[in-house]
Amino acid sequence: MILIVNTTTDRTITENLHAELMKKGFSEARTDESDGKKKETYEIVEAGERKISPCIGCNFCWLKTPGICSIKDDYEEILKKMIHADQLWVISETALGFLDHKGKNIYDRILPLATMHLHFKGKQMRHYRRYKQKTDFGLIFSGDAEKDYLEKWNGRAALNFEAKSLGVFSKDEIKEAVTCML
Amino acid sequence: MHALIINGSPRVKKYSNTDKILEKILLGMKESGSTGELYEISDRKQWEEIREKFYHFDHILIAIPLFVECIPGLLLEFLETIPARSTDRKPVLSFLLQSGFAEGCQLRCGEEYLQILSGKLGCEYGGTLVKGNNFSIRLVEGSDREKIVLPYKEMGKIYGKEGNFFSVDCKKFTGPEQFPGWVRVLVGLMFKTLAKKSFEKTAKEWGCSKSLKDRPYA
């Protein structure tokens, strides 16, 4: 399953994605019961106007209520979907050459999907994943950004979860992004 | 030198590891005859004052805990609201980047962004003091905490004197970029024994009754 989280309020990006994915033969997760055939599914979460607070670094999700974030807002629904996702695509506005804070908050709040425990994996010290599901990361941005840096960052962010980067694309490169979806 | 010092951690001051580090930086600065005004991003009530003062200092230091390879969302939210520089004064913006991960290589991606960020904010880059292995600052007290934070005083002295983190001593302060193989084996063993026990002890003290590997949404 592909999970697409749109942190912008620009619905034309997700409309374009939707159209491209349908062309590719994907179906939306919630409509996947029609003909009984297994299809690759995707789900789009419009998070641009949802309440998603920043991570406050309390560490409760590691040490007090393992796997559960102490902040009660609209993020929990996204987190629950992530543990079933093969791919997570975040759509974000940019600021100061990077993602804007709404986009970054989606990543900062992923921490409940890791445990407190650490190990060395290849060249990196990493937290263990809490769930078996491995989720690769893709990024679609809207606005000016330091793209080379974003690509590097997305790769590193994915590494935290022993996953890989699916690439970084501007909103004008939706077709290219869709070629990297499953 | 009189610097604007911003704790960029979203964690409240009382439990902020970055705050404990900055206490020592400020002590060191004082020994060099410098001073600093400390503000906390975790307290939104302070944002307006920091915004007003931002371009009125020649030196700004932002101290940051590494959050998913870069700066925390809350700090980003604040920085997005800083108005473009309208004065001729171009402050030297330096950073202190700290993390739980111990090896220097873990912080380089975040460090790379900080150089980009200083340019975007119209400041001159004053370098980044990079140091890991700070996760337990909030979990320990007394001499155990001092052992971790005291070395930052020396770095504060250098910052107070030079107004940046470009010196060789600041670069060395990071420690090993990557542990040698035998250290990795030892540290790996420590994760499975001592560290595991210590985390479980903390969890119990915090009222946790579940396994730290619990899968609540499985």
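1. In this predicted model, 40 residues of chain A are in contact with 44 residues of chain B. On the chain A side, the elements that contribute two or more residues are α2 (60–63), α4 (101–108), β6 (114–121) and α5 (147–159). Of the chain A elements, β6(A) gives the most, with six residues.

2. By class, the side of chain A that touches chain B comprises 21 nonpolar, 10 polar and nine charged residues.

3. As to confidence, the predictor assigns the complex an ipTM of 0.95 and a pTM of 0.95. For chain B, the mean pLDDT is 96, and 100% of its residues reach 70 or more.

4. α5(A) packs with helix α4 (residues 108–120) of chain B at an angle of about 155 degrees, and their axes are 10 Å apart. Because angles over 145 degrees count as roughly antiparallel, α5(A) and α4(B) are therefore roughly antiparallel to each other. Their crossing is left-handed.

5. Which residues make the contact of α5(A) and α4(B)? From α5(A) they are A:Y149, A:K152, A:W153 and A:R156, and from α4(B) they are B:C109, B:E112, B:Y113 and B:I116. By class, this contact has five nonpolar and three charged residues, with no polar residues.

How values were computed: Residues numbered from 1 in each chain as written. Chains lettered and ligands numbered in written order. Predicted model: local features only at pLDDT ≥ 70, side-chain atom pairs only at ≥ 80, totals over all residues. Contact = placed C-beta atoms within 7 Å. Helix = DSSP H or I, 4+ residues; strand = E, 2+ residues; numbered from the N terminus. Nonpolar A, V, L, I, M, F, W, Y, C, P; charged D, E, K, R; others polar. pLDDT = per-residue confidence, 0-100. Axes fitted to C-alpha atoms, helices over the stretch in contact; angles between N-to-C directions. Parallel < 35°, antiparallel > 145°, perpendicular 65-115°, else oblique. Left-handed = near helix turned anticlockwise from the far one by under 90°.
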